[in-house]
Amino acid sequence: MADSPRPLTAKQLERLNARSTGTIIKWMSRLQTLVFKTTNGKFGNKFLRGAEVGILTTIGRKSGEPRDIPLLYLQEGRRIVLVASQGGRATDPMWYRNLLANPKVRFQTKSEKLVLVARDATDAERDEYWPKLDAMYPDFANYRSYTDRKIPIVICDPA
C-alpha cells in the first residue's frame, strides 16, 4: 500500500512551479533522451525506484517538428499508459498539449518502437489505472496532491 501523500509548503509549491524548475526539467529530459537514444535504451531507461522510462515522440503543435520526451510508462500488451504529471506542476506538460493537437505518436521502449494513437483515459479507465500507476511509481500520489489540476492519464493504443 502506498504511503499517504506528502504535502508541500507554500514555498515548496512556489519553487515547483517556478520557471527555473521548468528549465531544469527540460534540460534533464534532453540529457536523458540523448543517453537513451544513443544507447538504444541500454542506459537512461530507468528512473527513481526502478520505474521504466521510454521515449515519447510527438509532433510540435506550433513547429510541426518531432519532439522527444522521456516518460515513465505502464505497458499492457501493445498499449502504453502515460501520466502527464510533470512532477505535480500546476500546468500540463508541452508533450501533452502536442498530442492533443496531433494524437499520432511514437513510443520507444528498451526493446521496441511503437506507432500509437493517444487519447485521454475515460473516468472508468482512470479509476482502473491510478492504483496500477501508483504501485509502479508511488510518487504519482504526491504529484496529484501538489496541484489542483486533474492530471491526465494518456492511453496510447496501436495505430
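1. A nonpolar core is here a set of buried Ala, Val, Leu, Ile, Met, Phe, Trp, Tyr and Cys residues joined through side-chain atoms within 4.5 Å. In this predicted model, the largest such core has 18 residues, of which Leu-133, Phe-140 and Ile-153 touch the most other members. Two or more residues are given to this core by each of strand S4 (79-83), helix H4 (123-136), helix H5 (139-146) and strand S7 (153-158), and the largest share, four residues, comes from H4. Apart from this core lies another, of 17 residues, including Tyr-73, Ala-84, Val-105 and Phe-107.

2. Phe-140 deserves a separate comment. Leaving aside residues up to four places away in sequence, Phe-140 touches Leu-72, Val-83, Ser-85, Trp-130, Leu-133 and Asp-134. Phe-140 belongs to H5, a helix that is mostly covered, with six of its eight residues buried; these are Asp-139, Phe-140, Ala-141, Asn-142, Tyr-143 and Tyr-146.

3. On the aromatic side chains, the count comes to seven pairs. Trp-130 and Phe-140 form an edge-to-face pair, with 6.2 Å from centre to centre and 65 degrees between the planes. Because Trp-130 lies in helix H4 and Phe-140 in helix H5, this pair ties together parts that are 10 residues apart in sequence, and both Trp-130 and Phe-140 are buried. Tyr-137 and Phe-140 form an aromatic pair that is also edge-to-face, at 5.2 Å centre to centre and 75 degrees between the planes, and Tyr-137 is likewise buried. Ring pairs link Trp-130, Tyr-137, Phe-140, Tyr-143 and Tyr-146 into a cluster.

4. The structure holds 10 salt bridges, one of which joins Glu-76 to Lys-132, with the closest N and O atoms 2.9 Å apart. Since Glu-76 lies in strand S3 (residues 74-76) and Lys-132 in helix H4, the pair ties together parts that are 56 residues apart in sequence. Glu-76 counts as partly exposed at 30% relative accessibility, and Lys-132 is partly exposed with a relative accessible area of 33%.

5. Arg-144 is partly exposed, with a relative accessible area of 28%, while Asp-134, at 13% relative accessibility, counts as buried. Salt bridges that share partners join Arg-79, Arg-119, Glu-125 and Asp-157 into one network.

6. A last point concerns the surface. Leu-31, Leu-34, Val-35 and Phe-43 form a nonpolar patch there, with about 380 Å² of accessible area together. Leu-31, which is found in helix H2 (residues 19-38), has a relative accessible area of 52% and is therefore exposed, the cut-off for that class being over 50%.

Conventions. Residues numbered from 1 in each chain as written. Predicted model: local features only at pLDDT ≥ 70, side-chain atom pairs only at ≥ 80, totals over all residues. Heavy atoms only, no water. Patch = residues over 30% accessible without salt bridge, like charges linked within 9 Å, V, L, I, M, F, W, Y side chains within 5 Å. Areas by Shrake-Rupley, 256 points an atom, 1.4 Å probe, with all protein chains shown as cover. Salt bridge = Lys/Arg side-chain N within 4 Å of Asp/Glu carboxyl O. Buried < 20%, exposed > 50% of the residue type's maximum accessible area, 1.4 Å probe, protein only. Contact = heavy atoms within 4.5 Å. Phe/Tyr/Trp six-rings, centres within 6.5 Å; stacked < 30°, edge-to-face > 60°.
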